[in-house]
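Please read these notes with the structure open beside you.

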Amino acid sequence: MKFSYIGYKDVTKTATGTNLKVVLTEDSQALDEVVVVGYGTQKKGSVTGSITSVDAKTIADIPTANLATSLAGRLSGVMISSTTGKPGATSSLSIRAKGTTNDSSPLYVIDGVVRNQEAFESLDASEVENISVLKDGASAAVYGARAANGVVLVTTKKGSTGKPVINYSGTVGFDSPTKNPETMSAYEQAIFLNHNRYQDWVDKGSDPKNRPENQKTWYTDDELEYLKGVNYSWLDEMWRTPLTTRHALNITGGTERVRYFIGGAYYFATGAFDNLEYNKANFRASIDANITDNFKVGLNISTDNRKDIKPHWKSDGGRDNLDNLYSSILKRSKMNPFYINGLPVKANGLEQHPLTQISEQAGRDTRKWMNTNVNMFAEYDAPFLKGLKFKFQYSRNTYNRLYKEVAMPYTLYTFETSGTNGHYIDPSKNPQVTGTDVRGGDRFIKKTSALYSDYQMNFFVTYDRTFGKHDIGALFVYEQAEGENESFDAQRNGLLTWTMPEFHAASSDASQSIVGNGSVGESGRLSYVGRLNYAYDDKYLLEAAFRVDGSTKFAPNKRWGFFPSISAGWRISNEPFFANNIKFIDYLKLRGSIASLGNDAIGGWDWMPKYNLTTGAIFGSQSYGIEPGTLANPDLTWEKSISYNVGFDGRLFNHFDVSFEWFYRHTYDILAERTASVPTSFGAKLPKENYAKIDARGFEFEIGYNGQVKDFTYWLKGNFGYAKSWWVEKDEASNLAAYKSEIGQSLDRVWGYDCLGILRSQEEVDRVNEENVKKYGKELLIKGTKLVPGMLLYRDVRGVNSDEPDGQITEEDMVVIVDKQSAPITYGFTLGGKWKGFTLDIFFQGLAGHERVIDDRKPGVKDWTGTFAYWNDHWTAENPNASMPFTLTKTNGEKSTFWVRNASFLRCKNISLSYDIPQSITKALKLDKVKVFVNGTNLFLLQDGLKIADPEVHKDHISSYPIMRNFSFGLNVTL
């Protein structure tokens with residue numbers, strides 16, 4: 001019989017009588033697991049810094065193209081958000097509060113080698129063993145000048161001793177949008193346009209000769225009646241159910257001397273319309289071998305190849321959220337058919353035909369990434385001194401990029417129209433073609449090629465030894481890294497056909513070939529790292545570390561930086577006075593740290609003079625030369641921060657695991673330009689300087705509970721984090737009004753007007769003006785515009801040269817309408833249980849404490865384009881109590897509190913249900929383990945303050961390609 005309980009070692013005994021005594025002993029390894037830290041590992045109980053981690057098994061079955069996406073809400077103090085559901089889109093990842101206006105991305109380290117976010121996101125969960133996040137200065141200090149924004153450490157899978165184990169995992173699924181903004185129907189759009197045209201006529205004096213009903217732009221009764229029965233939805237027409245599939249296969253095994261791991265994965269996803277897809281292929285092979293009892297070597301080779309395809313839509317500017325394209329599809333008028341007899345229709349002034357333009361015939365953008373990493377090491381245990389080790393590690397990365405743009409024109413066709421004013425085309429009447437119009441006049445192929453390569457070389461000396469009650473650990477690292485990159489782009493116009501999108505199929509005329517931009521760069525770093533760990537009697541913990549960094553980004557006399565840290569811990573639960581008197585606390589460790597860190601992700605080479613190419617005089621032909629660019633600043637150096645962290649880790653009642661952190665960070669020498677305090681008469685462009693300061697503070701809390709009732713085990717885990725940052729010093733004009741100063745304020749405030757509501761009637765307008773005349777002797781104007789019914793009324797806060805109201809609404813009346821656009825609160829929690837082979841895991845994720853301003857504040861309705869459905873309830877004389885203001889008043893589109901929405905949300909991020917096939921069946925099939933599972937991602941919202949769109953969608957584009965809900969079915973087989 002086997003006996004088990006959470007936190008205790010399993011015991012197996014044979015029943016020999018009616019009574020059986022079983023004593024379970026505490027499993028210290030389970031309660032004090034090893035965690036990954038910078039340049040090594042430590043027991044969790046010995047860690048004195050702030051580290052949060054996740055086992056890759058937690059996310060192994062979630063089918064995502066982006067590793068970061070599956071981590072959202074699972075790590076305390078880490079904010080991960082996805083603003084679009086486009087296949088292969090990147091995520092935003094930040095650790096604690098933002099501490100700089102420059103690059104605030106964390107440092108990514110994979111198997112001890114510094115990589116970038118792209119390398120992290122391209123990993124497949126099947127090749128990852130563990131992910132740790134170093135949040136405070138002490139834990140990240142060994143990474144010095146690049147660790148001010150935190151560090152993400154990834155350990156990939158390695159071989160293990162034992163017979164070969166083959167594992168396959170595969171999923172197939174489909175997507176649907178969590179929420180698409182509702183848009184106007186054809187009839188609603190026509191009514192909207194009639195209202196606007198009538199009101200415009202009234203505002204211009206109601207000239208009987210120009211009544212809107214008599215104009216060709218008016219939608220007549222017969223046209224309105226027809227439009228009630230049609231609704232050509234461009235979104236429905238182009239929609240294709242997105243499909244996803246992921247397959248991973250790996251083999252691991254080895255002997256005491258040699259261990260190996262070989263694995264590969266393939267991910268493929270289609271988008272919601274044609275010409276939109278993403279695929280990724282990963283491969284990893286590692287081997288480590290004990291050449292002798294004291295000498296070990298290892299080799300880890302990995303590659304990833306990715307391909308992203310999307311329609312060529314110039315107005316999107318390459319953005320992953322496809323906001324302009326998707327907005328065009330959402331809002332396009334639903335009055336007329338898309339095609340007649342297979343020909344794309346132009347009606348009511350249609351300028352672009354999204355259904356044609358998203359097809360390959362109109363062009364496509366293709367991005368390819370091909371990356372290779374080779375990582376090798378040799379490790380020697382010194383036989384002459386116990387605990388002393390030497391290790392050499394060398395890694396080389398090669399990154400290849402190829403971006404390809406293809407654009408082709410297409411033809412639209414006009415047809416015979418129906419209706420009194422010809423506002424619609426009735427396909428049942430077999431309309432004839434009346435004309436053509438060529439759109440998308442570009443006809444070219446453009447390629448951008450980029451090659452990056454870098455290496456990192458480390459030499460380690462480590463010493464770990466126990467002397468009685470004294471545990472000593474020491475580390476010294478020499479690190480050298482260099483990188484180089486080059487890129488260029490070329491374009492050839494006159495592409496003949498979309499079926500052959502290559503240079504040789506474009507015009508051979510030299511004047512049609514364009515050699516565009518080119519660049520070349522190099523970088524280098526040299527670093528020395530040291531760390532000393534000391535523990536006495538497993539109760540008193542001390543760690544001191546430093547890093548000395550040198551970077552070619554700065555002038556020779558500013559090239560080096562020194563970044564020290566110190567941290568301490570006290571396992572108070574090991575003290576007799578505590579253990580003998582406080583029985584409900586099984587484990588408690590107090591800890592604190594202080595550290596100095598740097599940030600060099602601030603460009604580079606600005607310490608050198610810069611010049612720009614320019615044209616000169618013409619002497620028969622154009623001459624060229626150079627002119628001074630930005631002034632040089634030889635004193636540029638790192639951004640720096642001082643980080644403080646205190647916290648505790650504990651276990652209560654042998655079931656509750658708790659952890660708490662409080663942090664404060666002061667960042668100074670932030671690189672920024674001085675523009676506000678410099679006279680406009682200054683002729684040159686000033687260089688950036690190290691002068692700005694930002695402070696941040698916050699706290700984090702984690703809790704977990706594990707329990708068991710007979711053969712049912714269950715768990716509850718949750719985390720909560722709060723973080724905010726504010727300006728301490730920044731460049732401001734000397735005569736800046738006090739209310740405009742940003743000192744002491746958050747970094748992402750939004751200014752606008754304080755809206756008092758909608759003026760519902762002429763009587764309200766007259767009342768407001770009468771009160772204004774009494775106080776100020778004049779009627780109220782909003783940015784020079786007279787008040788009219790349906791207008792948003794703003795609060796008069798101050799005058800141009802006064803802090804008192806002046807009876808006019810100008811830019812001086814603007815106030816802070818949103819204090820935080822980024823969520824200061826992040827949280828997530830998991831509920832789960834396991835019973836007789838069934839495992840259910842339910843995970844929720846939330847963000848809170850922030851707001852957003854709706855970006856679509858002007859309807860912009862034309863005959864060829866509608867808008868969002870919330871504009872249907874807009875102010876008119878017949879609808880004075882509408883929820884939306886009058887649509888023709890320009891001042892209504894100003895940023896104001898009327899458009900502010902709570903951006904907080906709580907989402908059911910993932911539900912996973914799996915079943916382990918009984919071993920009696922798997923053994924008969926010669927299989928070790930078989931698991932079938934179903935997964936649901938982004939299933940529903942429990943809190944949604946935005947309502948009109950998914951609250952996680954891009955803050956500036958509610959019409960972005962939507963966040964997707966995914967349902968998948970999977971199989972996991974182990975041989």
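1. Start with Arg 257, which is partly exposed, because its relative accessible area of 38% falls between the limits of 20% and 50%. This is a predicted model, so please read every value here as computed from that model.

2. The side chain of Arg 257 forms a salt bridge with Asp 293, at 3.1 Å from N to O. Arg 257 sits in the loop between β13 and β14, and Asp 293 in the loop between β15 and β16, so the bridge ties together parts 36 residues apart in sequence. Asp 293 is exposed, with a relative accessible area of 63%. Side chains of opposite charge can pair when their charged atoms come close.

3. Another salt bridge joins Arg 240 and Asp 274, at 3.6 Å from N to O. Arg 240 lies in the loop between α6 (234-238) and β13 (243-254), and Asp 274 in the loop between β14 (258-270) and β15 (277-290), so parts 34 residues apart in sequence are tied together. Arg 240 is partly exposed at 37% relative accessibility, and Asp 274 is partly exposed at 41%.

4. Are Asp 308 and Lys 86 buried or exposed? Asp 308 is buried, at 1% relative accessibility, and Lys 86 is buried, at 3%. Their side chains meet in a salt bridge of 2.5 Å, N to O. The pair links distant parts of the chain, 222 residues apart: Asp 308 is in strand β16 (residues 295-311) and Lys 86 in the loop between β6 (78-81) and β7 (92-95). The whole structure has 54 salt bridges.

5. Helix α10 (residues 762-776) has 15 residues, which should span 21 Å at 1.5 Å a residue; its end C-alpha atoms are 21 Å apart, in agreement. Its buried residues are Val 765, Val 768, Asn 769 and Asn 772. They cover an arc of only 95 degrees around the axis, which puts them on the same side of α10. Glu 763, Glu 770 and Lys 774 are exposed on the other side. An α-helix has 3.6 residues a turn, so residues three or four places apart point the same way.

6. A nonpolar surface patch of about 950 Å² includes Phe 174, Trp 835 and Phe 969. The elements giving two or more residues to this patch are β42 (838-848) and β47 (964-974). Trp 835 lies in strand β41 (residues 825-835) and is partly exposed, at 41% relative accessible area.

7. A search of the whole structure finds 0 disulfides. Cys 755 is buried at 14% relative accessible area, and Cys 908 is buried at 0%.

Notes: Residues are numbered from 1 along each chain as its sequence is written. This is a predicted model: local features need pLDDT of at least 70, side-chain atom pairs count only at pLDDT 80 or more; totals for chains, interfaces and linings use all residues. Side-chain values use heavy atoms; hydrogens and water are left out. A disulfide is a pair of cysteine sulfur atoms within 2.5 Å. Buried means under 20% relative accessible area, exposed over 50%, partly exposed in between (1.4 Å probe, protein chains only). Patches are made of residues with over 30% relative accessible area and no salt bridge: like charges are joined within 9 Å, nonpolar side chains (Val, Leu, Ile, Met, Phe, Trp, Tyr) within 5 Å. Accessible areas come from the Shrake-Rupley method with a 1.4 Å probe; for residues, only the protein chains shown count as cover. A salt bridge is a side-chain nitrogen of Lys or Arg within 4 Å of a carboxyl oxygen of Asp or Glu. Helices (H or I, at least four residues) and strands (E, at least two) are DSSP runs, numbered from the N terminus. The expected span of a helix is 1.5 Å times one less than its number of residues. The arc is that of the directions from the helix axis to the C-beta atoms.
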